[in-house]
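I opened the model today and went through it feature by feature. My entries follow, in the order I looked things up.

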Amino acid sequence: MAQPKEDFLTQLRELGKRSGKIGEQLELLLSQYENQSTYDEQYQRLLKEFGLEDELRKTQKGVRRFKMASMLYIVIHGFNTLSQRNDSQKQMDLLDEICFNISDIAQKYGLIKIPTIGDNIMLAGGITTENKTNPIDATLAAFEIVTRINRRKEDTDCIWEVGIGLHTGPIMGRFLPGKNTPYTLSGNNALIASRLGAISPKGHVSLSLMTYELIKEFFEVNQVGKVPVKYSGSMDIFDLLDIVPSLRSDMPNKLTNDAFDLAYSRLQFMDIQEYMLDMLEEKLPKYLHYHSVKHTIDVTTEVELIGWAEGLPESDIMLLKVAGLFHDSGHIVTYAGHEEESCKFADEILPMFKYSQEKIDTIKRIIMATKLPHTPSDILEAIIQDSDLDYLGRTDFVPVSNMLYQELLDRGINISVDQWNENQIKFISAHQYYTNTARTLREVNKQSQIERLHELLDHSNKENDSTEH
C-alpha cells in the first residue's frame, strides 16, 4: 500500500531535524578533538623540553614504528605423520630440542621471538637495536636453522622439517608496559613474512625481493617465482642457497670467514657511527667548543686517512675508526679523566653491535692512548695520537686553537690570551708526530704555527709597551 504523501513529508522533516542535530554534535566533537589535539601537542612538547621522555612514551600507548626490521616466519612440518609413529614421545622431545636450538640461534644473531598462534615461530631482527645489519643477521640465522635441522634428519629418524619465510621492511610493534620487546607485530610486512613461510618448501628459506636486495652481496640465491601480495600485485621470491663462496669459512662449526666479517663490519660501522654521533650531539656539554661532535668526526676521518697511508689492513682501520667515535664520549660524564669514561661507554654500547670482548679491549687501549702524556706502544696508538692532535699542523690551527681557549674560559679557567699562546708554544715545541704520514703532512706546518704564535706574542708585547708609555 502506498505511503500517504503527508506522512512521507513528515518523516523527511524529522530526518532533516535529526540530521541537523547530528551535524551540530559532529561539529562539537570535531571542535573538542581539535582542542584535545592541541593540548596533546603542547603536553608532548613540554615533556620533551623537560626531558620526560618516559612519560611521552606512555602517551603513545606502547606502539612503535620500526623503519627496517627483518621477520622470519618459521613453519614446522611433521605433525601430519606424528600420529602414525610408534615413537611419538621421542619425536616431541626432538621438537622441543629443535625449538631450543632455534631460540639459541635467535639470541646469537640478535633476534627476538614474537608470540604466534600454534606451533609456528616468528623471529624479528632490528627490534631491540635498530640497525642496517639485521637483514644479514636474519638470513644467517635462517640458514643456520635450516642447516642444523637438515643435518639432524640425516643423523637421526627425526620427522621434523621447517620452511622459513624472510622479509624485510617497516613494521609496527605493540609493547606492554614495562616491556622492552613487542608482544605483537602488525602491518602488511608481517603478513608477507608469514605468507612466504607458508609457501616455502620444507628445508628451504624463501626470501622477499626487499631482503634479497639487502643481502645479495653476502649470499647465493635463486629466483623461484612470485607470490601474490595484498594491494601490490605479485612479488618475486628467492630461494636461499648458500653463503657466497669467497665469504664461507673452511673451519667446522663456523659459517663465515674473515672476509665476510670485514664486509659486515663496514655496514656495522654505519650503525655505530649514527648511534654515537646522535648521542654526542644530544649529550655533550655545550661549552665544549673544541671537544665537539666536529672534533670526533675529524679524528674518525683522520685515523682512516693515516691508516690507509701507513698500509694497515682494513680490519685495523675499522677498530681505529670505532675508537675515534668513542674517544671523547667520556666528556658527557666528566672533563678530567674522560678517557676512562669513554672506555666505559665502549664496554656498554659495543656489545649491542655484537663486538667481541677482544675487539672491545683493543678499542679501549686505543682510546687510552689519547690520554697524555703517553708514548704509543704500536702503530694503532700512534695513529690515534697523531689524529687527535692533527690540528697542530693544519692551516686552520689558529681558529681551532681559539675554540679550545674559549672552552677553557667557559669552564671557569682564567687565563689571558698571552698566557694561552705561551702555553701553546711550549706544548707544540715538545710535541712530536709518531707516524711517517703525519710527519710528512703536518710537521712543516706545525713549525709555522710556532713562528706565528711568537709573532702574536711580540705584537701583544709591543702594544703593552706603547700603552705603558
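**Entry 1: the cavities**

How do the residues lining the second largest cavity divide into nonpolar, polar and charged? I found three nonpolar, three polar and two charged. I counted Ala, Val, Leu, Ile, Met, Phe, Trp, Tyr, Cys and Pro as nonpolar, Asp, Glu, Lys and Arg as charged, and the others, Gly among them, as polar.

A note on the source: this is a predicted model, so I used local features only at pLDDT of at least 70 and side-chain atom pairs only at pLDDT 80 or more, while totals for chains, interfaces and linings use all residues. Residues are numbered from 1 along each chain as its sequence is written, and side-chain values use heavy atoms, with hydrogens and water left out.

I searched the whole structure and got two cavities of 30 Å³ or more. I worked on a 1 Å grid over the protein atoms alone; a cavity is a set of points where a 1.4 Å probe fits but cannot get out, and lining residues have an atom within 4 Å of a point. Points are joined across faces, edges and corners, and a volume is the space filled by probe spheres set on them.

Lys354 sits in the loop between helix H11 (338-349) and helix H12 (357-368). Helices (H or I, at least four residues) and strands (E, at least two) are DSSP runs, numbered from the N terminus. Phi of Lys354 is positive, about 60 degrees, although Lys354 is not a glycine. Lys354 counts as partly exposed because its relative accessibility is 36%. My cut-offs: buried is under 20% relative accessible area, exposed is over 50%, and partly exposed is in between (1.4 Å probe, protein chains only).

**Entry 2: the second largest pocket**

I moved on to the pockets. A pocket is an open set of points with protein on both sides within 12 Å along at least five of seven lines. The second largest pocket has a volume of about 800 Å³. I listed 28 lining residues; Lys108, Tyr109, Lys254, Leu255 and Thr256 lie nearest the centre. Helix H5 (134-155), strand E8 (233-243) and helix H8 (258-283) are the elements that give two or more residues to this lining. H5 gives the largest share, seven residues. By class, I got 10 nonpolar, seven polar and 11 charged.

I also checked Asn253, in the loop between E8 and H8. Its phi is positive, near 65 degrees, and Asn253 is not a glycine. Asn253 is exposed because its relative accessibility is 85%.

**Entry 3: helix H9**

Gly311 follows H9, with a positive phi near 80 degrees.

**Entry 4: rings**

I counted nine aromatic pairs. Rings of Phe, Tyr and Trp (its six-membered ring) pair if their centres lie within 6.5 Å; planes under 30 degrees apart are stacked, over 60 edge-to-face, and the rest tilted. Tyr391 and Phe397 are stacked, 5.8 Å centre to centre with 10 degrees between the planes. Both are buried. Phe218, Phe219 and Phe260 make one aromatic cluster.

I looked for charges over rings next. That needs NZ of Lys or CZ of Arg within 6 Å of the ring centre and within 35 degrees of the ring normal. Arg411 lies over the face of Tyr335, 3.5 Å from the ring centre. Lys359 lies over the face of Tyr355, at 5.5 Å.

**Entry 5: single residues**

Gly165 lies in strand E4 (residues 161-174). Gly165 is buried, at 0% relative accessible area. Gly165 and Ile237 are 72 residues apart in sequence, but 9.7 Å apart C-alpha to C-alpha.

Which peptide bond did I find to be cis? The bond from Leu372 to Pro373 is cis, with omega near 0 degrees. Pro373 is in the loop between H12 and helix H13 (379-388).
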